[in-house]
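Work through the exercises below with the structure open. Each task is followed by a stepwise solution.

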Amino acid sequence: MTASTTINKGDRSATNVLHQKVLGSRRFSNYLWATIVTLGSIGFLLAAISSYLKVNLLIVSDPTQLVFVPQGLVMGLYSLAGFLFALYLWLVILWDVGGGYNEFDRSTGKIKIFRWGFPGKNRRIDLDFAAQDVQSVRVDLKEGLNPRRALYLRAKGRRDIPLTRVGQPLSLTELEVKGAELARFLQVPLEGL
């Protein structure tokens, strides 16, 4: 429920299919943080090597004045921790964890919720169920220091199914519009507003 909502897919009727793309971990902020952590860990590595070799490898400072044990060694450990964290961030971006789509098809009466997870047995998260099982579309609002604004699909015999992206909450206006559009399309009530 982010960047694109398409109502026409292929040769199906435009009024029968609602397709919503969900943005996963391939967000600008994740690319930015992965780049910053990578550059920081390279800086710590160069500082550790400079303190060991007594040759300045950095442009902004002179780490040759550092004693290798313990200061240079600690810089090397910070570098290792930074590289491991950067590797995790880049792999999550590569795997597009959390990305996928929601597809609601009135002509077949089917709903498909698809997300990518971490590699392994449950990499593909694929939920298929009948549209007649949907009881309502629920809006979850929590304001404060860590705000939460999300849409959920309430279905018979299932937990509430999240429909929006994780991380960056939607604006209140966008949440209301998306929730009302989906509730109108599925012809179910909208709860939580």
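**Exercise 1. Strand pairing**

Find how many bridges join strand 7 to strand 8, and state how the two strands run.

Solution. 
- Step 1. The model is predicted. Locate strand 7 at residues 148–155.
- Step 2. Count its bridges to strand 8: there are two. The two strands run antiparallel.
- Step 3. L153 stands opposite I161 of strand 8.
- Step 4. Four strands form an open sheet, ordered 8-7-6-9, with mixed pairing.
- Step 5. Identify the edges. Strand 8 (161–162) and strand 9 (190–191) each have a single partner strand, so one side of each lacks a neighbour in the sheet.

**Exercise 2. A helix pair**

Classify the packing of helix 1 against helix 2: which orientation, and which hand?

Solution. 
- Step 1. Take helix 1 as residues 28–53 and helix 2 as residues 68–95. Their axes come within 7 Å.
- Step 2. Read the crossing angle, roughly 155°.
- Step 3. Apply the cut-off: angles over 145 degrees count as roughly antiparallel. Helix 1 and helix 2 are therefore roughly antiparallel.
- Step 4. Assign the hand. The crossing of helix 1 and helix 2 is left-handed.
- Step 5. Sort the residues of this contact: 19 are nonpolar, nine are polar and none is charged.

**Exercise 3. Backbone exceptions**

Solution. 
- Step 1. Inspect omega. The bond joining V69 and P70 is cis, with omega about 15°.
- Step 2. Assign P70 to its element: P70 lies in helix 2.
- Step 3. D96 has a value near 50°, positive although D96 is not glycine.

**Exercise 4. Confidence**

Decide where the coordinates should not be read in detail.

Solution. 
- Step 1. Start with the chain. Its mean pLDDT is 89, and 93% of its residues reach 70 or more.
- Step 2. Compare elements. Helix 2 has the highest mean pLDDT, 97. Strand 1 (residues 5–6) has the lowest, 52.
- Step 3. Over residues 8–13, pLDDT stays under 50. The model gives these residues nine contacts beyond four places in sequence.
- Step 4. Draw the conclusion. Where pLDDT is low, predicted coordinates should not be read in detail.

Conventions
Residues numbered from 1 in each chain as written. Predicted model: local features only at pLDDT ≥ 70, side-chain atom pairs only at ≥ 80, totals over all residues. Heavy atoms only, no water. Axes fitted to C-alpha atoms, helices over the stretch in contact; angles between N-to-C directions. Parallel < 35°, antiparallel > 145°, perpendicular 65-115°, else oblique. Left-handed = near helix turned anticlockwise from the far one by under 90°. Nonpolar A, V, L, I, M, F, W, Y, C, P; charged D, E, K, R; others polar. pLDDT = per-residue confidence, 0-100. Contact = heavy atoms within 4.5 Å. Pairing = 2+ DSSP bridges.
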